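Hi everyone, thanks for coming.

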Amino acid sequence: MLKELKILFRHGKQYITDLEGVELTPLFRGRPEIATTITASEAKELEALCPTNAISVVPFSINLGKCVFCKECHFYTPEKIRFTNDHKIATNDLNRLIVKAGDRDAIELDASLVRKEITSYFGKALKLRQVSAAGDNSAEMELNAAGNVNFDVGRYGMEFVASPRHADGLVITGPISENMAEPLEICYNATPSPKILILAGTDAISGGIFADSKAVNRGFLSKYHVDLYVPGNPPHPLTFINGILSLTGRLKKK
Ligand code: SF4
């Protein structure tokens, strides 16, 4: 027993004690900051080099719902575009994913868009079913990591479950291929209402690099209300956790 206690003491706390206050390494690619001094010719070049059409020229902006965080735009104009380590980039409003030149504000949820039943039903516990709709396993692995001993999202009463019938909502990853369109619909219909719908990762939000593929069928998204967009390619577990806590009204009041 003494031996085990000594090991526990030596290891210290294995989990992140303050999930809301944790700061990621400066190497993390989070919310971008864009200088207002980007010239028209630079804007055109940047638009052309972006692999997912995430860059718009007028006004110059980066759409985090399309961005794959490859950092090519930063390498091209290191003095004018930089990616901060701010991982809190999940929101429920697609417009808030568009970061314009000069924007420095944090990306947050629009409280007026959060459905009342979300906070009243899911404010204390939330079970989610994850559907990989032609995902590449990267977003899926990060979501899985949200439940590991390090991030331990279970401390908030949140976990992934095996069946949509036991879930309060779905988390979709991947661009939604033609083959997955029907299973996704079946899964959605099998989830009891009221249910939450979350898109995790660039592929799910916009199709990412597969957006123009004929093998993709994103008709599902035009039929149902999306409650949360979690950008990232793949999204960081903390981005996901922060987004869920915001959506369910669990973030500590500052
Ligand atoms: S980091 Fe994003 S905006 Fe920049 S080039 Fe890559 S995909 Fe485009």
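Let me begin with a question: in which sense do strand 2 and strand 3 pair, and over how many bridges? Have a look before I go on. The two strands pair in the antiparallel sense, and there are two bridges between them. Strand 3 covers residues 61-63.

Let's step back to the whole chain. Please keep in mind that this is a predicted model. The chain holds nine helices and ten strands. Its radius of gyration is 19 Å, close to the 18 Å from the globule rule for 254 residues, so the chain is as compact as a globular protein of that length. Along the principal axes, the C-alpha trace spans about 65 × 45 × 35 Å. Of the 254 residues, 40% are buried. And if you take contacts between residues at least 6 apart in sequence, 79% of them join residues at least 24 apart.

Now to the inside. In soluble globular proteins, nonpolar side chains tend to be buried together. Here, the largest nonpolar core has 57 residues, and those touching the most other members are I172, I198, L199, A200, V230 and I241. Helix 9, residues 237-247, gives the most to this core, with six residues. Let me pick out V230. Beyond its neighbours within four places in sequence, V230 has contacts that include A90, I198, L199, A200 and F240.

There is also a ligand to point out. Around the ligand are 13 residues, and the ones that come nearest are C50, C67, C70, E72 and C73. By class, this shell has ten nonpolar, one polar and two charged residues.

One last stop: V22. You'll find V22 in the loop between helix 1 (2-11) and strand 1 (32-34). Not counting residues up to four places away in sequence, V22 touches I16 and L238. From V22 to S112 is 90 residues in sequence and 27 Å in space, C-alpha to C-alpha.

That's my tour, and I'm happy to go back to any view you like.

Notes
Residues numbered from 1 in each chain as written. Predicted model: local features only at pLDDT ≥ 70, side-chain atom pairs only at ≥ 80, totals over all residues. Core = buried A, V, L, I, M, F, W, Y, C linked by C-beta atoms within 7 Å. Buried ≥ 20, exposed ≤ 12 C-beta atoms within 10 Å, placed from the backbone. Helix = DSSP H or I, 4+ residues; strand = E, 2+ residues; numbered from the N terminus. Contact = placed C-beta atoms within 7 Å. Near = placed C-beta within 6 Å. Nonpolar A, V, L, I, M, F, W, Y, C, P; charged D, E, K, R; others polar. Rg over C-alpha atoms; globule rule 2.2 N^0.38 Å. Pairing = 2+ DSSP bridges.
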